[in-house]
Amino acid sequence: MSLLAEIKEKAAKKGKTIVLPEGTEKRTLLAIKDIVAQKIANPIILGDESEIRAAASDAGADLSGAEIVDPAKAAFFDDYVQAFYEMRKSKGLTLDQAKASMLDPLFFASMMVKMGKADGEVAGAENTTGNVLRPALQIIKTAPGISAVSGSFIMIVPNCEYGYNGILVFADCAVTPMPTAENLAEFAKASAQTAVTLCGMPEPKIGMLSFSTKGSASHEVVDKVAKATAIAKERFPELKVDGEFQADAALVPSVGASKAPGSPVAGQCNVLIFPDLQAGNIGYKLVQRFAKAEAIGPILQGIDKPVNDLSRGCSVEDIVNVVAMTAVRA
Ligand code: ACO
């Protein structure tokens, strides 16, 4: 069974409720039929009901089994406005601004997840990553002990001898432009969880990537990765993590053995933590294009409840898959 089929099967056993705030977006509406038919989640679509029904009719989408919630008419709208105001008044938010924010489906969706009306959120078919993330960061916030959110990709690389049968987790490829050493250590922990929960990897082996292997080069950015490795080992002793590694030392057994002898993971890594967002974002796209890899994500890690971002170029199938992953993590 393929990894995605396994994820959908796991989702179907959970019966979670996932809110989709982009209620008139065509691909989102078309995805509802499969989400319901495969019992992947109970979907909630946000927006004006007549506009949603008109968009569905234009798209030929079947919305049976989905709940439609219009934020402006929701019985709990005023409660959400008040809750958001209380959360942010110390930052200068006024009641009027709180009301305006709750009329924005992205903010309303994050509040639904915060308040437990939904178990997770999926958006981004028509909004940027930043616009999807900001409400989630302001309302749901990071999980306890986590200082920065990251976005991982599950890379399924055909005919590949590296990673876990050609499956690897890459992070951060989507969120934090300039991570600190502490942030990188947390990305290692969160990505290992993703590897276990979504990829079924029994033992994630994490490589902290750099242009240096175990001190072969010296520079402050290398020092940051070495420090991140030390923090990860200290804070998360249960992890199999090491670095700093060049990519070949992380992945190729013979190179790992010669450049990092004695390392518990060199040459066997299946989770790669990139030193910053530019490297991570470029890295996943190069592997996706050159190796014709399937890149599933970004899977947002470190938010207290699961929120996932879609690419604006996503397909209907991508939306169904991301809803399934969100449900599994809920
Ligand atoms: N992790 C955790 N919390 C964060 C982070 C982070 N990385 N960044 C900001 N926050 C918190 C802030 O502390 C703030 O909290 P507070 O208001 O309660 O104090 C809240 O989130 C909002 O912060 P802002 O400053 O308003 O948000 P900002 O404008 O900095 O945006 C964002 C944050 C959206 C994560 C931004 O850094 C961003 O756009 N990142 C890059 C996203 C991107 O474009 N990715 C590449 C494309 S995706 C792809 O190719 C797959």
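**Note on the ligand site and the cysteines**

1. An oxygen atom of the ligand lies 2.8 Å from an N or O atom in the side chain of R88, a polar contact (a pair of N or O atoms within 3.5 Å). For R134, the corresponding distance from a ligand oxygen to a side-chain N or O atom is 3.2 Å. A ligand nitrogen is 2.9 Å from a polar backbone atom of V149. The protein covers 63% of the 980 Å² of accessible area (Shrake-Rupley method, 1.4 Å probe) that the ligand has on its own.

2. This is a predicted model, in which local features need pLDDT of at least 70 and side-chain atom pairs pLDDT 80 or more, while totals for chains, interfaces and linings use all residues. Residues are numbered from 1 along each chain as its sequence is written, and side-chain values use heavy atoms, without hydrogens and water.

3. The ligand is surrounded by 20 residues, each with a heavy atom within 4 Å of it. R88, K91, V149, A174 and T176 are the closest. By class, the shell has 9 nonpolar, 6 polar and 5 charged residues.

4. Helix α7 (129–140) and helix α12 (277–290) each supply at least two shell residues; the largest share, 5 residues, comes from α7. Domain 1 (3–141 + 313–329) and domain 2 (150–296) each contribute at least three.

5. The structure holds 0 disulfides, defined as cysteine sulfur pairs within 2.5 Å. The sulfur of C199 is too far for a bond, because its closest cysteine sulfur, in C173, is 13 Å away. C199 is also buried, at 4% relative accessibility (buried means under 20%, with a 1.4 Å probe and protein chains only).

Conventions:
Polar contact = N/O pair within 3.5 Å; in protein donor to acceptor, adjacent residues only side chain to side chain. Helix = DSSP H or I, 4+ residues; strand = E, 2+ residues; numbered from the N terminus. Nonpolar A, V, L, I, M, F, W, Y, C, P; charged D, E, K, R; others polar. Domains from an automatic or database assignment. Buried < 20%, exposed > 50% of the residue type's maximum accessible area, 1.4 Å probe, protein only.
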